[in-house]
Amino acid sequence: MNNSIHRIILNEYEAKQKLASDRVQSKKDKVYKEIPRIEEIDREIQLAGIKYNKAILLGTEPSEKAVDELLKKIDSLKKEKEFLLLKSSYPSDYLEPEFECKSCKDTGFIETASGMEKCSCYRQKYINHLFSQSNIKLLDEENFSRFNENLFPDTVDEEKYGIKISPRENIIKIRERALGFIESLDKPEEKNLFFCGPTGVGKTFMINCVAAELLKKGRTVLYQTAPVLFKTINDYRLMALKDNSVDDTGYSNIFSVELLIIDDLGTETPTAARYAELLNILTTRHKNNLSSPCKTIISTNIGINRLHEFYDERVASRIIGGFDLFRFAGEDIRMIKKLAQN
């Protein structure tokens, strides 16, 4: 792992824990003034723990008895504390620390049957730092809460839009499929998503909506445009030739992240090596998906029927066979919004 990124992330967690601690202390200062008995209870809980821990270490009491008495004492004190808080119109958990990630309590690590492991929030932080050029920051602006089907024409015009239904009905169906994809991410049989269509008809917006929902669920997501993705791969390979000990975490994430988004496929420089790498990515992720979530979304201006013109038979077949294919249609949304603002 890149040590500098590792240190940055640990510093971020330390800052989060300090913030949570400062907030709790501020609340305690307020409550202790209003309800002095709660300060006494907290002190009693602390002293009880010290007393019984000392007894266990010195062997003056059977450890099981000491633990049992400690738990009963603390439970009684906690119930009294909750009663006093509620009586004064505070939530019963008012003095508990608030963590951004409830799974790891902002430590970055969770305890599992096999030992301590990195939390999903840690893995996502690493990906975000490693691929700082990704536009994952746009997710605050592009998510399902901002989805507006009224930006798509309600007119059926197959000659103009290339679909047999209206663009509005089409985008609503795509949204429903995207929501189903999110809920079924863990299912190996769930297919990947392939979005195609002209510029400005909502492809990137939709994949950002999916990414935002999955990030809320603690999933790991990597967004890359095709040119940047292939540059990352090429840079890693060049470094690996010079140094066998080069960190491969960034490269391996491409093959293991729970959702890989490849935007603007077809805008990369066409070479046989890049086609082979794309096939390798799709094939490896397909195999990995059999044991753990490893889904892919591809967005491109290339029409489904033209895949064979840009990629060899193996790549095109892998996409057609492993992805649900969707064509986006409509007017340029950015132009519609611009005109509305003016």
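This is a predicted model: local features need pLDDT of at least 70, side-chain atom pairs count only at pLDDT 80 or more; totals for chains, interfaces and linings use all residues.
Just after helix 7, Gly-218 takes a positive phi of about 80°.

- Strand 3, which covers residues 192-196, is mostly covered, since five of its five residues are buried.
- This burial involves both faces of strand 3, with Asn-192, Phe-194 and Cys-196 on one side and Leu-193 and Phe-195 on the other.
- Strand 3 runs parallel to strand 6 (residues 295-300), to which four bridges join it; within this pairing Phe-194 stands opposite Ile-298, and Cys-196 stands opposite Thr-300.
- Strand 3 also pairs in the parallel sense with strand 7 (residues 323-327), here over five bridges, and the bridge partner of Leu-193 in strand 7 is Asp-324.

**Arg-177 in helix 6**

- Arg-177 has its place in helix 6 and, at 18% relative accessibility, falls under the 20% cut-off and therefore counts as buried.

**Helix 7**

- Helix 7 (residues 203-216) has 14 residues, which at 1.5 Å a residue should span 20 Å, and the separation of 20 Å between its end C-alpha atoms agrees with this.
- Buried residues in helix 7 are Lys-203, Met-206, Ile-207, Asn-208, Cys-209, Val-210, Ala-211, Ala-212 and Leu-214.
- The packing partners of these buried residues are helix 6 (167-183), strand 3, strand 4, strand 5 and strand 6.

**Helix 8**

- Helix 8 (residues 226-242) consists of 17 residues and reaches 25 Å from its first C-alpha to its last, which is close to the 24 Å expected at 1.5 Å a residue.
- Ala-226, Leu-229, Phe-230, Thr-232, Ile-233 and Tyr-236 are buried in helix 8, and because they cover an arc of only 150° around the axis, they lie on the same side of helix 8.
- The buried residues of helix 8 pack against strand 4 (221-225), helix 9 (249-256), strand 5 (259-265) and helix 10 (272-288).

**Helix 10 and helix 12**

- The axes of helix 10 and helix 12 (residues 313-322) come within 9 Å and cross at roughly 35°, and the crossing in which helix 10 passes helix 12 is left-handed.
- On the side of helix 10, the residues in contact are Tyr-275, Leu-278, Leu-279, Leu-282, Thr-283 and His-286, which meet Arg-314, Val-315, Arg-318 and Ile-319 in helix 12.

Technical notes. Residues are numbered from 1 along each chain as its sequence is written. Side-chain values use heavy atoms; hydrogens and water are left out. Helices (H or I, at least four residues) and strands (E, at least two) are DSSP runs, numbered from the N terminus. The expected span of a helix is 1.5 Å times one less than its number of residues. Buried means under 20% relative accessible area, exposed over 50%, partly exposed in between (1.4 Å probe, protein chains only). The arc is that of the directions from the helix axis to the C-beta atoms. Contact means heavy atoms within 4.5 Å. Two strands pair if DSSP finds at least two bridges between them. Axes are lines fitted to C-alpha atoms, for helices over the stretch in contact, and angles run from 0 to 180 degrees between N-to-C directions. A crossing is left-handed if the near helix is turned anticlockwise from the far one by less than a right angle, and right-handed if clockwise.
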